[in-house]
Amino acid sequence: MPASPSTARAINDRVALRLLQQEGPLTAGQLKQLTGLSRPTVADLVERLTAAGLIEVVGESGEQRRGPNARLYGIVADRAQLAALDVRTEGVSVVVSDLLGRELARASVPIADDTGTGPAVEQAVTLVERAAKEAGAERLHTVGVGAPGLIDPATGELRDSSGLPEWHRRLVAALQERLPARVIVENETNLAALAEQRDGAARDRDTFVLLWLGHGTGAAVVLDGRLRRGASGGTGEIGFLPVPGTSTLPSATDCEGGFHSLAGSAAITELAAGHGLVATAVSPGEPEAAALVRQAVATLSSPPAFPSPSPSASSGADRFLSALADRLAIGAASVVAVLDPGCVVLGGEVGQVGGEVLAARVGERLARMSPLPVEVRASALGGGAVLRGALLTARESAQDDLFAPRSR
């Protein structure tokens, strides 16, 4: 059935807004060309969207001709302000942006292990309020939160997860109470995968698995362009995967003995020590494992110098990276055998600093272990992918709300 005039207008408006979001400012003539709509129809939708406060004239094109066709129209960026949170066991980071995703403020706060639940929640919420004030945002429209643990796919709530501080669950409720904003919670690794697909290592893939390697381990599964969460929201809890090479088996309440015991930051740090490596510089909030992997890669990649680098240091770094690749390939092979994703992204801080050196070694081992073709790539965004993914999620939600057709 043909669409009614009001439905057709709503569809045209959404198409134009998406084009302005993806392409940036456009003239009416360019909108006509990209949408295939008639000139009167484009003029009508431009007038409608301008009156609704969704778009505005942001300049003129370089054309000689003046007039309506030379005006550049863009989305009103300050129509809404958004916030993204990356919630870790050791602290919280926040970014505030406008509707186009331009960063307005950024802040973080460490939260010690012995901090009580109430004080920890207060520190985190105050951080968000302070960042919003710094950004000049009187009211946040949407807040995207990336947190470890299981997100109930039916309710969108953060469920109880063993080993995580209680303030994580309380934080979401506190944000909803204190902020007049929509709060969206998603698993941190899932958000990292969305960011890598949009802006990072998986831009050309609609099917892939992201293997998160940071303080802990996790995985995110994207199949046919869609993020898969599972029946209970537990897709990707790879830390609990039983694997060879550990002294015990994981339990329903503790991933010790699972893949986490091979690839978590503490396990990688212990592995490095066994090969004579010690971290000499660890950035604030960075897993020690990431610093060790960075040093090992740099040792192998550095050109000969005088005096030449110690052969023992070079061989120790090489053996360490080879042993780490063996461990990562065990977990990755299990995922590849079940899902056949064609691409595995080594994400998180460790995956990013490992770069092509580590990715190539894991890829070589997978080629020997699995008959299925799979490309292994290093993360382009590292630990920052969680904040980026949370911001993308908040932005999509806000735009869906603001760009929705209003009843007349």
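At roughly what angle do the axes of helix H1 and helix H2 cross, and within what distance do they come?

## Helices H1 and H2

The axes of helix H1 (residues 5–23) and helix H2 (residues 28–35) cross at roughly 110° and come within 11 Å. Axes here are lines fitted to C-alpha atoms, for helices over the stretch in contact, with angles running from 0 to 180 degrees between N-to-C directions. H1 and H2 are therefore roughly perpendicular to each other; angles of 65 to 115 degrees count as such, under 35 as roughly parallel, over 145 as roughly antiparallel, and the rest as oblique.

Val15, Ala16 and Leu19 of H1 meet Leu31, Leu34 and Thr35 of H2, where contact means heavy atoms within 4.5 Å. The residues of this contact divide into 5 nonpolar, 1 polar and no charged. Ala, Val, Leu, Ile, Met, Phe, Trp, Tyr, Cys and Pro count as nonpolar, Asp, Glu, Lys and Arg as charged, and the others, Gly among them, as polar.

## Basis of the model

The model is predicted: local features need pLDDT of at least 70, side-chain atom pairs count only at pLDDT 80 or more, and totals for chains, interfaces and linings use all residues. Residues are numbered from 1 along each chain as its sequence is written, and side-chain values use heavy atoms, with hydrogens and water left out. Helices (H or I, at least four residues) and strands (E, at least two) are DSSP runs, numbered from the N terminus.

## Helices H8 and H9

Helix H8 (residues 265–274) and helix H9 (residues 288–301) pack with their axes 8 Å apart, at an angle of about 40°. H8 and H9 are therefore oblique to each other. Ser265, Ile268, Thr269 and Ala272 of H8 make the contact with Glu288, Ala289, Leu292 and Val293 of H9. The contact residues comprise 5 nonpolar, 2 polar and 1 charged.

Strand S9 (residues 208–213) is largely enclosed by the rest of the structure, because 6 of its 6 residues are buried (under 20% relative accessible area, with exposed over 50% and partly exposed in between; 1.4 Å probe, protein chains only). Phe208, Leu210 and Trp212 are buried on one side of S9, and Val209, Leu211 and Leu213 on the other. In a regular strand the side chains alternate between the two faces of the sheet.

S9 pairs with strand S10 (residues 217–223) in the antiparallel sense over 6 bridges; pairing requires at least two DSSP bridges between two strands. A hairpin of 3 residues joins S9 to S10. S9 also runs parallel to strand S12 (residues 343–347), joined by 4 bridges. Val209 has Val221 as its bridge partner in S10 and stands opposite Val344 in S12.
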